[in-house]
Amino acid sequence: MKKNDWILAGGVFLVCIVLLIFRFFRTQEGEGQVIISVSGEEYGVYSLAEERTISVNDTNRLIIENGTAKMEWADCPDQICVNHRQISRDGESIICLPNEVVVTIQNGNSTGSGIDGLAQ
């Protein structure tokens, strides 16, 4: 490879690193929404900016605080959803399979960005 090839490759690499840093480390506090669905039906939509505790059909309890959502309690035997880490980024989810509860984060500003779902 010639010197210009190395410069081009380095430039492309740096651009990729900057885009990854922007994508994964930008804050979305207050922008997102928590969408809860039970058995495929929408149960509720809540803002990540408002701190609250949500009881889902007396089978699960979700806590929204500090711009994150976390399943605090569930009556399912495996407790995978309770042990899942907090979620706050667009597209992240917590799923309680035995109770058919799905908690998903949706960024309220993503529809106006001009990027479709395939490009993300």
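Q: How many bridges join β6 to β7, and do they run parallel or antiparallel?

A: Two strands count as paired if DSSP finds at least two bridges between them. Here, β6 and β7 are joined by 4 bridges and run antiparallel. One example: isoleucine 95 has valine 102 in β7 as its bridge partner. Before we go on, this is a predicted model, where local features need pLDDT of at least 70 and side-chain atom pairs count only at pLDDT 80 or more, while totals for chains, interfaces and linings use all residues. Residues are numbered from 1 along each chain as its sequence is written, and side-chain values use heavy atoms, with hydrogens and water left out.

Q: What happens in the hairpin of β6 and β7?

A: There are 4 residues between those strands, and glutamate 100 takes a positive phi near 55° in this hairpin.

Q: Which strand is β1 joined to, and by how many bridges?

A: β1 is joined by 6 bridges to strand β2 (residues 41–47), and the two run antiparallel. Serine 37, for instance, has glutamate 42 in β2 as its bridge partner. This hairpin has 2 residues between its strands.

Q: Where is serine 39 found?

A: Look in the loop between β1 and β2. Serine 39 has a phi near 55°, which is a positive value in a residue other than glycine. Asparagine 57 is another case, with phi near 50°, and it is found in the loop between β3 and β4.

Q: Is serine 39 buried, partly exposed or exposed?

A: Buried means under 20% relative accessible area, exposed means over 50%, and partly exposed is in between (1.4 Å probe, protein chains only). Serine 39 counts as partly exposed at 46%, and asparagine 57 is partly exposed too, at 43%. Across the 120 residues of the protein, 28% count as buried.

Q: Which residues touch the most other members in the largest nonpolar core?

A: A nonpolar core is a set of buried Ala, Val, Leu, Ile, Met, Phe, Trp, Tyr and Cys residues joined through side-chain atoms within 4.5 Å. The largest one here has 21 residues, and Val34, Ile36, Leu62 and Val103 touch the most other members. At least two residues of this core come from each of β1 (32–38), β3 (52–56), β4, β5, α2 (80–83), β6 (93–96) and β7 (101–107).

Q: What is isoleucine 36 in contact with?

A: Contact means heavy atoms within 4.5 Å. Setting aside neighbours within four places in sequence, isoleucine 36 has contacts including Tyr43, Ile54, Leu62 and Val103.

Q: How many salt bridges are there?

A: Side chains of opposite charge can pair when their charged atoms come close. The rule asks for a side-chain nitrogen of Lys or Arg within 4 Å of a carboxyl oxygen of Asp or Glu. By that rule, the count is 3. Arginine 52 pairs with glutamate 50, with the closest N and O atoms 3.9 Å apart. Glutamate 92 pairs with arginine 85 at 2.6 Å; glutamate 92 is buried, at 14%, whereas arginine 85 is exposed, at 52%. The side chains of arginine 61 and glutamate 72 also meet, at 2.7 Å from N to O. Arginine 61 lies in strand β4 (residues 60–65) and glutamate 72 in strand β5 (residues 68–74), so this pair ties together parts 11 residues apart in sequence.

Q: Which residues make the nonpolar surface patch?

A: Patches are made of residues with over 30% relative accessible area and no salt bridge; like charges are joined within 9 Å, and nonpolar side chains (Val, Leu, Ile, Met, Phe, Trp, Tyr) within 5 Å. Areas come from the Shrake-Rupley method with a 1.4 Å probe, and for residues only the protein chains shown count as cover. Phe13, Leu14, Ile17, Leu20, Ile21, Phe24 and Phe25 make a patch of about 730 Å². Phenylalanine 25 is found in helix α1 (residues 3–25) and counts as exposed, at 63%.
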